[in-house]
Amino acid sequence: MFNILMKILKSGYNLFWQEKLITVVSLGTTIIVSLFIWAGFLSFYFFNQMINYLQERLDFSIYFKPGILREEISKIQKILQNFPGVIEVSLITQEEALEKFKKEAKINPVISRALTELNMNPLVDYLIIKAKTPETYPKIIDYLEKSPYRTYIDYISYYENQRVIERIISLSNKVRVLISLFVVIVLILAALIIFNIVLVSIYSQKENIEILRLIGASNFFIRGPFLVYSFLFTFLGYLLFLVGLIFFFEKTANFWPSLISNFQPISFLFDNFFILNGLAFFIILFINWIGTFLALEKYLKI
Amino acid sequence: MIIFKNVTKVYASDVLALDNVSFEIKGGEFVLIIGRSGAGKTTVLKILRREEDPTRGVVYYKNRNLLEIPRKRLAEIRRKISIIYQDFKLIDKKTVFENIALPLEILGRNFSEIKKEIWKVAEKLKIKKKLDQLAGTLSGGEKQKVCLARCLITKPEVILADEPTGNLDPIASFEIIEILKNLNKDEGITVVLATHNREVVEGLKTRVLTLNSGRLIRDENPGAFTLL
């Protein structure tokens with residue numbers, strides 16, 4: 001078995017150097033397909049960042065009726081903090097609300113004067129609720145509307161933001177579908193391109209395969225060198241692509257943050273080096289091997 | 001050793017290649033299959049190595065129904081029933097040594113063992129000096145010898161020869177037929193030779209199966225049942 005494995009490895013390596021033109025085309029194909037897959041990765045990342053950015057800015061507030069005890073408000077705060085999907089519930093007291101309002105109103109002399117003349121705090125205690133996903137907000141509202149604490153609440157800002165929240169839910173869902181569709185299309189294109197080149201490379205070896213078959217070679221012995229060959233050009237092609245990608249990211253490092261805030265392509269690449277590159281490499285290798293299996297099947301029927 | 005029983009082969013395009021052909025070949029026999037182009041000679045050889053399956057009928061090799069052997073195990077049979085072709089089927093970009101070594105590499109033999117076996121076979125077929133040459137650079141006669149060497153390296157029980165002299169000049173043809181005769185005589189290898197070369201047929205006083213349009217029309221044995 002060891003001798004057979006060594007022979008298969010050697011034959012695969014020989015194929016790589018014997019069929020120079022096909023090897024060059026295969027390397028080129030691997031680079032193009034890697035580009036496709038990385039376009040998919042980046043689109044996925046960018047869209048996700050965009051959705052996260054929008055979601056992070058979503059929250060709503062619950063304004064309490066004047067005179068509601070702080071302890072009661074704290075109880076509601078605790079309940080909401082334990083609500084599934086809620087990230088943060090902050091209590092803004094009447095005093096803090098006034099401070100905040102004064103700061104914001106400083107630039108408006110009319111409001112500042114009105115507050116001084118009023119000589120009392122017209123604001124109320126309120127809670128700001130932030131959830132992981134926009135889908136959580138309607139659930140919180142539903143809970144609050146049915147809870148006994150509803151009578152303490154004067155006003156919920158959710159109804160004001162409801163349309164925005166619903167739009168963001170709908171947009172993020174649509175974008176998710178679009179990205180998935182884009183990734184699927186990219187993978188199909190990649191598979192078609194790779195499959196074509198695998199077909200050509202196997203066709204060029206058609207006679208040799210037939211000869212091996214006729215002298216009694218097993219399927220494993222015939223497939224083996226092609227699998228090794230695919231591995232070699234996928235590995236080398238991806239390596240060349242990676243070098244090009246690093247170079248490209250280095251040269252365009254200043255451009256990206258203007259496209260997506262805080263996006264540092266080199267950090268993105270190296271922080272996720274093994275996951276992203278491993279995934280891309282194995283996707284290409286997997287398609288190559290499936291293509292090799294399918295293309296060889298025809299010649300193994302002899 | 002080989003029994004062909006009521007074998008019919010119809011190709012996908014409704015071409016009748018063999019029509020109810022039956023014959024038996026004993027171990028150590030030298031049998032000629034003759035007939036015009038398209039008579040079904042190559043189909044008989046292909047069926048004997050399961051390169052084609054018959055539409056009807058059965059084929060036995062050493063009392064085993066060839067058609068019941070799973071495809072995965074065909075490689076074993078193909079090493080026992082070896083074949084040489086008119087177009088040689090050598091890998092031109094490999095050296096003679098590498099071509100002959102292939103069947104043993106498939107079996108996982110180590111290099112020193114392969115080298116030893118190749119030297120023996122090359123010595124027998126007088127191609128030792130050609131071992132490092134690329135197969136594509138050889139003459140027709142030399143290529144056919146390499147083809148034979150590749151067959152012999154696995155110590156086959158049967159050699160099928162499909163028009164082995166078809167691409168050779170008369171001298172090279174004579175040489176190849178002589179080698180086949182000697183292999184049959186000295187080593188007891190069963191030889192089944194398909195040809196339409198009249199000179200080959202007349203030079204070999206041995207059993208002749210005549211095919212015409214897929215039918216076995218004659219099975220003559222001029223006394224000398226085998227060349228042994």
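**Exercise 1. Work out how the radius of gyration of chain A sits against a compact globule of 302 residues.**

*Solution.* Start with the rule: a compact globule of 302 residues would come out near 19 Å, but chain A has 31 Å. The radius is taken over C-alpha atoms, and the globule rule is 2.2 Å times the number of residues to the power 0.38. Next, look at the extents: the C-alpha trace of chain A spans about 100 × 45 × 35 Å along its principal axes. Then bring in the domains, whose bounds come from an automatic or database domain assignment. Chain A gets domain 1 (2-54 + 170-301) and domain 2 (59-133), and the C-alpha centres of domain 1 of chain A and domain 2 of chain A are 55 Å apart.

A quick word on the ground rules: this is a predicted model, where local features need pLDDT of at least 70, side-chain atom pairs count only at pLDDT 80 or more, and totals for chains, interfaces and linings use all residues. Residues are numbered from 1 along each chain as its sequence is written, while chains are lettered from A and ligands numbered from 1 in the order in which they are written.

**Exercise 2. Find where confidence is lowest and highest in chain A.**

*Solution.* First the overall score: pLDDT, the predictor's confidence in each residue from 0 to 100, averages 85 in chain A, with 99% of the residues at 70 or above. Now go by element, with helices (H or I, at least four residues) and strands (E, at least two) being DSSP runs numbered from the N terminus. Helix 5 (residues 109-118) of chain A is lowest at a mean of 76, and helix 9 (residues 219-251) of chain A is highest at 92.

**Exercise 3. Describe the side of chain A that touches chain B.**

*Solution.* Contact means C-beta atoms, placed from the backbone, within 7 Å. On that basis, 15 residues of chain A meet 16 residues of chain B. Helix 1 (2-18) and helix 8 (206-214) of chain A each supply at least two residues of that side of chain A.

Key. Two residues are in contact if their C-beta atoms, placed from the backbone, lie within 7 Å.
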